[in-house]
Amino acid sequence: QRVGADRTEGFTQVTHRYPMLSLANTYSYDEVKEFYQRVQRDLGREDFTIAAELKYDGLSISLIYEDGLLVRAVTRGDGTLGDDVTANVRTIRSIPLRLRGEGYPSSFEIRGEILLPFTEFNRINSEREVAGLPLFANPRNAASGTLKSKNSAVVASRRLDAYLYYVLGEDIPKKSHYENLLMIKKWGFKVSDNIHLSTSLDSIYAYIDHWDTERRYLPVATDGIVLKVDNLNQQQQLGSTAKSPRWAIAYKFEPEKVETKINKIVYQVGRTGAVTPVAEFDR
């Protein structure tokens, strides 16, 4: 069943079989070039391909499948321990409870991002405004609060979405990250259609330039581009630091800037007596 109404007292913490590392961030083309040249050097000048993907601004999730069935969904947490949110994730229509097709491993893990589409974010905030409730600041905050709800019926009503972007396990079908993504689409997972294979820096730069503008027309929030070495053997060869993989990096878009007007400053008094100034802006 996708929708449940039972309330839970909390979330069980689960140890990730494979640590959920953070990506190192870059903010300039020079840093992208440094990453590219470092990969070149560490691979001994052997040929490699970079898979360039949109970086979705949501919550990382790890899904575990056994014999084609979703058995557990765990948040990133601190990268080692995460919260078991299986009951809530089962309400998300874009996450299959049972895989379709064939050729999937008997046991594997798939990772992705849970998001709240802009249309749903606006709908929920409109309803909250009518009800006199505080509005969510942005889709990511709304998605985070929703996923941690103790009532899965509430989660279902908010229509979260999910994009999947990486497969882990002992028996992964392909040695190409990109080919694995094409395969999991056949199993029922939602995968971005905007993945680009690049064999040069110029190709990567062109992809970044394109999406820095075009991302405004996407149905969900993005905040950058993820660059991954496509070949899984080369990923293993490059390895990871204690915090992040050496075979991947995130290029972060500059925050969008708009003008607004400060209407007034109000002062809020907390329960400890601390006074906090709060600015009220035009939307």
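Tutor: What follows is a short talk about salt bridges in this predicted model.

Student: How many salt bridges are there?
Tutor: The count comes to 15 salt bridges.

Student: What do glutamate 53 and lysine 228 do?
Tutor: Their side chains form a salt bridge, with N to O at 3.2 Å. The pair joins distant parts of the chain, 175 residues apart: glutamate 53 is in strand β3 (residues 50-56) and lysine 228 is in strand β10 (residues 222-229).

Student: Are those two buried or exposed?
Tutor: Glutamate 53 and lysine 228 are both buried.

Student: Which residue pairs up with aspartate 223?
Tutor: Lysine 252 does, in a salt bridge of 3.9 Å from N to O. Aspartate 223 lies in strand β10 and lysine 252 in strand β11 (residues 248-252), so this bridge ties together parts 29 residues apart in sequence.

Student: Why does aspartate 223 count as buried?
Tutor: Because its relative accessible area is 18%, and buried means under 20%. Lysine 252 also has 18% relative accessibility and counts as buried.

Student: Switching to helices. What is the partner of glutamate 120?
Tutor: Glutamate 120 forms a salt bridge with arginine 123, and their closest N and O atoms are 2.6 Å apart. Both sit in helix α3 (residues 118-130), three residues apart, so about one helical turn separates them.

Student: And how buried are they?
Tutor: Glutamate 120 is buried, at 10% relative accessible area, while arginine 123 is partly exposed, at 23%.

Student: Which residues are linked in a network with them?
Tutor: Glu127 and Arg159 are linked with Glu120 and Arg123 in a network of salt bridges.

Technical notes: Residues are numbered from 1 along each chain as its sequence is written. This is a predicted model: local features need pLDDT of at least 70, side-chain atom pairs count only at pLDDT 80 or more; totals for chains, interfaces and linings use all residues. Side-chain values use heavy atoms; hydrogens and water are left out. A salt bridge is a side-chain nitrogen of Lys or Arg within 4 Å of a carboxyl oxygen of Asp or Glu. Helices (H or I, at least four residues) and strands (E, at least two) are DSSP runs, numbered from the N terminus. Buried means under 20% relative accessible area, exposed over 50%, partly exposed in between (1.4 Å probe, protein chains only).
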